[in-house]
Amino acid sequence: MRYFNTEGCCKPQIHYMVRLDDRLEQIKRLYVDRGKYVVLNRGRQYGKTTTLMALAQFLKSEYLVLSMDFQCIGTEEFADASSFVRAFASMAKGALKKAETGNGTKLAELLEQFAPGSKKRTLRELFAVFSRICEKADRRVVLIIDEVDSASNNQVFVDFLAQLRVYYLNREERPVFYSVILAGVYDIKNLKLKIRPDAERQYNSPWNVAAKFSLPMSFSPSQIRAMLAEYEADMQTGMDIEAAAQYIYQYTAGYPYLVSVVCKYLDEEIPYRTQLEGAACVWTKNGIAEAVKLLLKENVPLFDSMVKQLDLYENLRSMIQQMLYQGKAIPYSPAEKSIRLGVMFGFLKEENGRVAIANRIFEMFLLNLFLAEESVRSRAYQYGERDKNQFLTDGRLNMRLVLEKFVIHFSDIYGRNDDAFIEENGRRFFLLYLKPIINGVGNYYLEAQTRDARRTDVIVDYRGEQFIVELKIWHGNEYNQRGERQLADYLDAYHQKEGYLVSFNFNQKKETGVKEIRIGEKTIIEAVV
């Protein structure tokens with residue numbers, strides 16, 4: 001039986017996966033057939049290795065493919081050029097023998113003759129033998145190297161790239177690889193960020209040869225739907241395939257690992273760890289929310305990598321915090337280092353000319369991370385932890401009471417701070433108060449479409465019930481009334497009759513407290529602090 005895979009490369013014969021045929025054809029047509037030198041860089045677990053392995057198979061009827069992985073070369077083999085050359089030649093020899101097409105096995109003998117035993121060889125000599133291999137091959141040779149950035153701290157790697165660039169640019173005079181595909185998290189131009197500053201003079205030229213890889217690698221709702229249709233044909237769950245695909249996409253934005261891991265939880269864990277009865281109930285909005293909740297509790301390598309990068313790049317961390325807490329609108333510019341890094345790592349994306357978090361799951365993880373870091377010293381969190389048992393009635397969350405208590409605590413803790421402090425931090429304090437109340441039972445996330453400097457909507461899922469809470473900076477009665485009407489309209493999209501509004505009001509004559517407002521058939525519970 002096939003299953004959803006999150007451990008290593010996906011294979012269609014044993015895994016449920018998005019079919020890559022169209023993507024492989026596009027890569028072949030746009031890059032390989034045109035003899036391009038291209039760098040495929042995407043965030044961790046974005047399906048790069050799966051794509052490259054499938055591409056090698058896809059190309060082998062027309063090309064001789066040298067497919068290698070730099071993670072197979074040990075750290076000690078980057079110690080000097082001679083060690084690297086031996087390791088690379090050995091790996092290339094194995095790739096030629098594995099090619100299974102053309103005269104690859106015979107060409108491997110050239111590499112056996114080139115690097116016998118411990119004989120020292122140079123990079124120049126290595127590329128000379130590759131030139132002979134490409135000359136004698138009965139078809140064009142394509143070089144594919146995965147995890148290329150795993151070697152980027154080593155100067156010998158920079159020298160290797162420099163030689164590769166020279167040979168590639170002069171390939172009409174000396175036979176060499178017809179097309180080159182390098183893959184990793186770091187764009188080859190951004191590999192400079194990983195090299196020591198004292199190597200500045202040595203890393204200028206190798207970076208200006210690569211073509212941009214612009215094909216999307218995230219999954220579309222239709223691709224997710226097709227994968228689920230294959231699963232449904234086997235399992236007969238009775239799910240609404242279209243709805244399930246849309247809900248999964250809403251959380252993941254098609255990030256390959258996130259799509260696979262959510263489906264894996266739905267298939268293997270949710271039926272046995274929740275009260276959802278029947279397979280059709282698992283593959284629903286509530287089931288998918290439960291799968292996301294389980295994922296966010298796991299210590300997965302993708303999240304570990306995010307934390308590592310945020311620790312390394314403090315400006316990136318600060319920018320994301322401003323986006324989440326304050327709704328700060330940041331114009332998209334790939335020239336800005338933090339934005340470029342965030343996009344390269346897969347955290348961020350461009351959306352309508354602005355920087356946005358790449359997907360809802362990342363946003364939930366980052367928000368949980370930042371709030372957890374602050375919770376130890378936050379009085380708002382401590383009050384929420386102390387009060388949390390008060391807010392449940394027959395297992396249902398009493399959101400009105402949550403707002404009433406928050407008004408009291410906010411005045412007690414922050415009432416003496418100035419307006420600028422509260423405007424910048426008010427929404428963060430509410431989220432800190434809310435976190436221990438729903439932690440472990442419910443989820444909440446920020447609605448990206450409504451988040452800005454004045455307004456943030458928090459969507460709370462708690463035991464199958466949904467609460468819409470708008471956090472708003474007060475800017476006069478007219479603006480406030482317009483916001484109330486907007487919230488009433490917004491409730492329609494979620495099929496809710498009751499919504500909640502927290503207004504941070506800086507008017508000296510304000511009347512704090514909680515009141516109920518009726519707008520048509522909608523009820524809005526508004527808390528003014």
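Two strands pair if DSSP finds at least two bridges between them. Strands here are DSSP runs of E, at least two residues, and helices are runs of H or I, at least four, all numbered from the N terminus. With that, take strand S3, residues 37-41, and S7: two bridges join them, and they run parallel.

Before going on, a word on the source. This is a predicted model, where local features need pLDDT of at least 70, side-chain atom pairs count only at pLDDT 80 or more, and totals for chains, interfaces and linings use all residues. Residues are numbered from 1 along each chain as its sequence is written, and side-chain values use heavy atoms, with hydrogens and water left out.

Now the whole chain. The protein chain has 20 helices and 17 strands. Its C-alpha atoms fill a box of roughly 85 × 55 × 35 Å along the principal axes. Of its 529 residues, 53% are buried. Buried means under 20% relative accessible area, exposed means over 50%, and partly exposed is in between, with a 1.4 Å probe and protein chains only. Contact means heavy atoms within 4.5 Å. Take the contacts in the protein chain with a separation of 6 or more: 69% of them join residues 24 or more positions apart.

Back to the sheet with S3 and S7. It is open, has five strands, and pairs in parallel. The order is S4-S5-S6-S3-S7. At the edges sit strand S4, 64-69, and strand S7, 211-212, each pairing on one side only. Helix H3, residues 81-98, lies across S4 and strand S5, 141-146. H3 runs at about 135° to S4. Axes are lines fitted to C-alpha atoms, for helices over the stretch in contact, and angles run from 0 to 180 degrees between N-to-C directions.

Next, a helix pair. Two packed helices are described by the angle between their axes and the distance between the axes. For helix H1, residues 21-32, and helix H2, residues 48-59, the axes come within 10 Å and cross at roughly 70°. H1 and H2 are therefore roughly perpendicular to each other, a label for angles of 65 to 115 degrees; under 35 is roughly parallel, over 145 roughly antiparallel, and the rest oblique. H1 brings Arg 23, Leu 24, Glu 25, Ile 27, Lys 28 and Val 32 to the contact. H2 brings Thr 51, Ala 54, Leu 55, Phe 58 and Leu 59. By class, that contact has seven nonpolar, one polar and three charged residues. Nonpolar covers Ala, Val, Leu, Ile, Met, Phe, Trp, Tyr, Cys and Pro; charged covers Asp, Glu, Lys and Arg; the others, Gly among them, are polar.

Which residues of strand S13 point each way? Arg 455, Asp 457, Ile 459 and Asp 461 go one way, Thr 456, Val 458, Val 460 and Tyr 462 the other, and all are buried. With eight of eight residues buried, S13, residues 455-462, is largely enclosed by the rest of the structure.

S13 has two neighbours. S12 and S13 pair antiparallel over five bridges, and Tyr 444 stands opposite Val 460 in S13. Eight bridges join S13 to strand S14, residues 465-473, also antiparallel. There, Val 458 stands opposite Val 469 in S14. S13 and S14 form a hairpin with two residues between them. Arg 463, in the turn, has a positive phi of about 50°.

At the other end, S16 and strand S17, residues 522-528, pair antiparallel over seven bridges. Ile 517 has Ile 524 of S17 as its bridge partner.

On to the cores. A nonpolar core is a set of buried Ala, Val, Leu, Ile, Met, Phe, Trp, Tyr and Cys residues joined through side-chain atoms within 4.5 Å. The largest has 138 residues. Ile 248, Trp 283, Ile 320, Leu 397, Met 399 and Phe 504 touch the most other members. Leaving out residues up to four places away in sequence, Ile 320 touches Leu 310, Phe 347, Leu 348, Ile 357, Leu 366 and Phe 370. Another core, of 47 residues, lies apart, with Val 129, Phe 130, Val 156 and Tyr 168 among its members.

Last, two backbone details. Ala 253 has a positive phi, near 55°, in the loop between helix H8, 241-252, and helix H9, 256-268. Asp 394 has a positive phi of about 55°, although it is not a glycine. Asp 394 sits in the loop between strand S10, 392-393, and strand S11, 396-397. Is Asp 394 buried or exposed? Exposed, with a relative accessible area of 79%.
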